[in-house]
Amino acid sequence: MADIRLESLRHVYSRGTPFEKTALDDVSLDIPSGQYVAILGHTGSGKSTLIQHLNGLLAPTSGRVLFDGEDIHRSKEALRDIRFRVGLVFQYPEYQLFEETVYRDIAFGPKNMGLSESEIDEHVRLGARFAGVDESLFSLSPLELSGGQKRRIAIAGVMAMEPDVLVLDEPIAGLDPAGCRALLKNIKEYHRSTHGTVILVTHDMDVAASEAQRLVVMNKGAVALDGTPAEIFSRPTELRSMGLDIPDATALAQALRERGVEIPESIYTPRFLAGVLLSRNGEGPC
Amino acid sequence: MLKDITLGQYFPGDTPVHRLDPRTKLVCVILYFIALFTANGPCSVGLVFLTLAFAVGISRIRPGALVKGMKPLLFIVIFTAILNLFFTEGEVLFRWWIFRVTDQGVYRTVLMVLRIFLLVSSTFLLTYTTSPLQLTDGMERLLAPLKKVRFPVHELSMMMSIALRFIPTLIEETDKIMSAQKARGADFDTGGLAKRAKALLPILVPLFVSAFRRADELATAMECRCYHGGEGRTRMKTLKMGVGDYLTLLLYCLVVAGAIVLVRLGL
Ligand SMILES: Nc1ncnc2c1ncn2[C@@H]1O[C@H](COP(=O)(O)OP(=O)(O)O)[C@@H](O)[C@H]1O
Ligand SMILES: [Mg+2]
């Protein structure tokens with residue numbers, strides 16, 4: 001199991017200096033094992049701060065982070081173990097590669113886990129496959145590859161630890177559409193085959209709508225909305241007031257509805273909208 | 001967190017100290033150093049101490065922030081304190097094993113620690129109340145006469161302001177890279193010196209790569225905006241000395257004079 005529970009989490013940066021800043025204020029959240037959650041929110045709403053609590057990189061100013069019901073900060077050993085069970089991919093991870101070869105960079109996590117050579121090799125290949133890194137790149141230096149490839153390698157490095165929970169901070173920001181689609185597909189495949197939890201931070205509504213089972217919307221350091229995509233996207237005014245948008249499909253459906261076409265409220269993926277429109281075939285004025 | 005290091009950090013504010021011309025502040029710090037190194041008796045050291053206390057009071061900088069700035073120097077301070085305490089000749093106050101403490105030793109130690117503290121604090125007061133940009137501007141202007149002997153004053157001050165500008169960025173970046181490696185199980189906190197040094201490698205490589213990338217991008221951006229060195233360059237904010245500046249300079253000259261007189265009188 002890998003159930004995550006946050007209890008009235010608060011985080012204050014640079015406490016006691018003139019630069020004090022409350023980034024999280026009383027956040028409580030339950031993320032059961034196996035869920036695909038998207039965390040949405042405007043820049044500065046506290047998304048990155050929140051996810052760095054999940055593997056204990058940041059310690060809460062007050063409140064608790066529980067993993068399977070136990071406080072992750074109970075001991076140093078527990079914390080180190082959590083780092084391997086909750087894999088965190090940072091924003092722009094491509095700038096964090098450091099090893100001489102791609103293979104060794106991906107192997108960094110598994111090696112720290114204290115696995116044997118053959119287990120490390122197995123983990124590296126698995127991580128590479130899930131992140132879409134071709135084995136022909138293994139002996140190259142990460143520094144000579146393209147930005148998109150580097151990002152895949154960084155993601156492979158985290159997936160290679162085979163975490164129970166995979167957390168990704170804006171993994172698609174700055175990727176070209178093809179790279180973006182491929183990466184999302186790999187993440188979904190990882191989710192399906194490992195039955196692990198996936199927590200995806202993004203501010204792309206279309207991505208959130210088509211990928212996640214549950215959406216958590218952050219605003220000013222607190223959880224503003226929490227629910228299924230259908231529930232969240234039926235509240236466009238609230239989303240807009242928080243500086244967010246609704247998916248293109250929802251906007252299109254809304255525009256059609258305003259013009260008198262009868263379609264249900266809860267549309268948020270292009271595929272679903274297309275299905276609804278096609279099933280209307282034969283109706284209509286003519 | 002690394003970010004909490006107060007190295008050349010600027011606390012914005014709007015006090016008379018903040019508003020002084022940076023040149024005034026730089027010269028005052030130099031004058032203050034002269035007074036500080038002249039002072040060697042209780043009265044003269046008291047005078048320099050009060051001067052700084054007065055300046056700190058006006059600047060509204062919390063004294064705690066100055067004390068915190070001493071932290072990196074703690075080792076040196078303790079080291080010199082011990083040397084002074086145990087190895088100064090004088091009337092023996094008490095003995096313990098091979099150590100003996102003399103009255104002169106205690107006196108010199110207190111004086112020494114106080115001096116180091118004042119030396120560091122006065123510099124910190126300067127950087128806390130002056131933005132890096134103002135500071136390098138002031139330096140460039142003060143050193144301007146050296147241009148006559150072909151000393152690259154402008155280039156140096158430009159390099160310095162860029163370096164200062166990027167210190168927080170690099171610290172932030174280091175923090176981020178360390179977090180990313182920790183997320184993959186890197187361990188920076190335990191193990192012997194060799195193991196810890198080795199753990200630093202994963203940080204240094206990406207840090208250097210990104211520093212070079214940044215430097216390259218900055219150079220391009222500067223060239224795109226037609227930067228061509230200091231010649232014929234004018235400033236958006238020209239420095240101007242006001243009445244307050246002259247008065248402050250006068251005050252600091254008086255402090256130096258006062259310290260010299262007090263020392264001459266053996267106080
Ligand atoms: N290391 C830090 N030190 C001080 N303040 C920070 C730090 N990191 C983030 N913040 C502040 O905390 C708030 C939340 O930031 P963050 O969690 O990065 O938001 P998001 O990821 O949603 O853009 C922002 O106002 C940001 O300025
Ligand atoms: Mg962020």
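Biologist: I am new to this structure. How do the residues of the shell around ligand 1 divide into nonpolar, polar and charged?

Modeller: Welcome! The shell around ligand 1 has three nonpolar, seven polar and three charged residues. Keep in mind that this is a predicted model.

Biologist: Which residues are the closest to ligand 1?

Modeller: Ligand 1 is surrounded by 13 residues, and the closest are A:Lys21, A:Gly44, A:Lys47, A:Ser48 and A:Thr49. As for its place in the assembly, ligand 1 lies between chains A and B.

Biologist: How should I read polar contacts here, and where do they fall?

Modeller: Look for pairs of N or O atoms within 3.5 Å. In this model, a backbone N or O atom of A:Lys47 is 2.9 Å from an oxygen atom of ligand 1. For a backbone N or O atom of A:Gly46, the distance to an oxygen atom of ligand 1 is 3.1 Å. A:Lys21 takes part through a polar side-chain atom, 3.4 Å from an oxygen atom of ligand 1.

Biologist: And how much of ligand 1 does the protein bury?

Modeller: Ligand 1 taken alone exposes 560 Å², and the protein buries 72% of that. Two elements of chain A give two or more residues each to the shell: strand 2 (21-31) and helix 1 (47-54). Helix 1 of chain A provides the largest share, three residues.

Biologist: Let's turn to helix packing. How do helix 4 and helix 5 of chain A cross?

Modeller: Begin with the angle between the axes, then check the handedness. The axes of helix 4 (residues 117-131) and helix 5 (residues 147-159) of chain A come within 8 Å and cross at roughly 130 degrees. These two helices of chain A are therefore oblique to each other. Their crossing is right-handed.

Biologist: What about helix 5 and helix 6 of chain B?

Modeller: In chain B, helix 5 (residues 74-86) packs with helix 6 (residues 103-129) at an angle of about 160 degrees, their axes 8 Å apart. Angles over 145 degrees count as roughly antiparallel, so helix 5 and helix 6 of chain B are roughly antiparallel to each other. Helix 5 of chain B passes helix 6 of chain B in a right-handed crossing.

Note on methods. Residues are numbered from 1 along each chain as its sequence is written. Chains are lettered from A and ligands numbered from 1 in the order in which they are written. This is a predicted model: local features need pLDDT of at least 70, side-chain atom pairs count only at pLDDT 80 or more; totals for chains, interfaces and linings use all residues. Side-chain values use heavy atoms; hydrogens and water are left out. A residue is near a molecule or strand if one of its heavy atoms lies within 4 Å of it. A polar contact is a pair of N or O atoms within 3.5 Å; within protein, one must be able to donate a hydrogen and the other to accept it, and residues adjacent in sequence count only if both atoms are side-chain atoms. Accessible areas come from the Shrake-Rupley method with a 1.4 Å probe; for residues, only the protein chains shown count as cover. Helices (H or I, at least four residues) and strands (E, at least two) are DSSP runs, numbered from the N terminus. Ala, Val, Leu, Ile, Met, Phe, Trp, Tyr, Cys and Pro count as nonpolar, Asp, Glu, Lys and Arg as charged, and the others, Gly among them, as polar. Axes are lines fitted to C-alpha atoms, for helices over the stretch in contact, and angles run from 0 to 180 degrees between N-to-C directions. Angles under 35 degrees count as roughly parallel, over 145 as roughly antiparallel, 65 to 115 as roughly perpendicular and the rest as oblique. A crossing is left-handed if the near helix is turned anticlockwise from the far one by less than a right angle, and right-handed if clockwise.
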